[in-house]
Amino acid sequence: MPIRKGHVAPQHTLIESVIRKFDSQNRSFILSNAHSPDSAIIYCSDIFCRMSGFSRAEVMQKSALCPFMHGPLTSSTVVQQIRQSLLGEEEKHMELLYYRKD
């Protein structure tokens, strides 16, 4: 297929590049769609699945806040800060306690 002036690569190419980069570094991560309500998860790494105890099918399309991993000691204040960060498209560093499935 000839490349036309102004032709833009499909958006998923960027996502695939991010996945390859972080997977090659053996990192635990999720990717979410910032344009969907609750920033729905569109990808989770194999390491994330092993660490959390959740399968990829259980994680997909859930909120990037990962409420399914919250427990009694998970700080609601930090969860609220993360929610604000996602809405404001800001980078912030916080520490939050998540729980494994088991």
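This note goes through the aromatic pairs, salt bridges and nonpolar cores of the structure above.

1. **Ground rules.** This is a predicted model, where local features need pLDDT of at least 70, side-chain atom pairs count only at pLDDT 80 or more, and totals for chains, interfaces and linings use all residues. Residues are numbered from 1 along each chain as its sequence is written, and side-chain values use heavy atoms, with hydrogens and water left out.

2. **Aromatic pairs.** A pair of aromatic rings is described by the distance of the centres and the angle of the planes. Rings of Phe, Tyr and Trp (its six-membered ring) pair if their centres lie within 6.5 Å; planes under 30 degrees apart count as stacked, over 60 as edge-to-face and the rest as tilted. A search of the whole structure gives three such pairs. One of them joins Phe22 and Phe29.

3. **Burial of the first pair.** Buried means under 20% relative accessible area, exposed over 50%, and partly exposed in between (1.4 Å probe, protein chains only). Phe29 has a relative accessible area of 12%, so it is buried. Phe22 has 26%, so it is partly exposed.

4. **Phe54 and Phe68.** Here the ring centres are 4.9 Å apart and the planes stand at 75°, so the pair is edge-to-face. Phe54 sits in the loop between helix H2 (46-52) and helix H3 (56-59), and Phe68 in the loop between H3 and helix H4 (76-88), so the pair ties together parts that are 14 residues apart in sequence. Helices (H or I, at least four residues) and strands (E, at least two) are DSSP runs, numbered from the N terminus. Phe54 is buried, at 11% relative accessibility. Phe68 is partly exposed, at 22%.

5. **Asp46 and Arg56.** A salt bridge is a side-chain nitrogen of Lys or Arg within 4 Å of a carboxyl oxygen of Asp or Glu. The whole structure has three. In one, Asp46 and Arg56 meet at 2.8 Å, N to O. Asp46 lies in helix H2 and Arg56 in helix H3, so this bridge ties together parts 10 residues apart in sequence. Asp46 is partly exposed at 45%. Arg56 is partly exposed too, at 31%.

6. **Lys101 and Glu58.** The closest N and O atoms of this salt bridge are 2.4 Å apart. Lys101 lies in the segment after H4 and Glu58 in helix H3, so the bridge links distant parts of the chain, 43 residues apart. Lys101 is partly exposed at 46%, and Glu58 is partly exposed at 29%.

7. **Arg100 and Asp102.** These side chains form a salt bridge at 3.0 Å, N to O. Arg100 is partly exposed, at 41%. Asp102 is exposed, at 75%.

8. **Nonpolar cores.** A nonpolar core is a set of buried Ala, Val, Leu, Ile, Met, Phe, Trp, Tyr and Cys residues joined through side-chain atoms within 4.5 Å. The largest has eight residues: Ile41, Cys44, Phe48, Cys49, Phe54, Val59, Cys66 and Met69. Strand E2 (41-44) and H2 each give two or more residues to this core. A second, separate core has five residues, among them Leu65, Val78, Val79 and Ile82.

9. **Val59.** What does Val59 touch, leaving out residues up to four places away in sequence? The list is Ile41, Cys44, Phe48, Phe54 and Phe68. Contact means heavy atoms within 4.5 Å.
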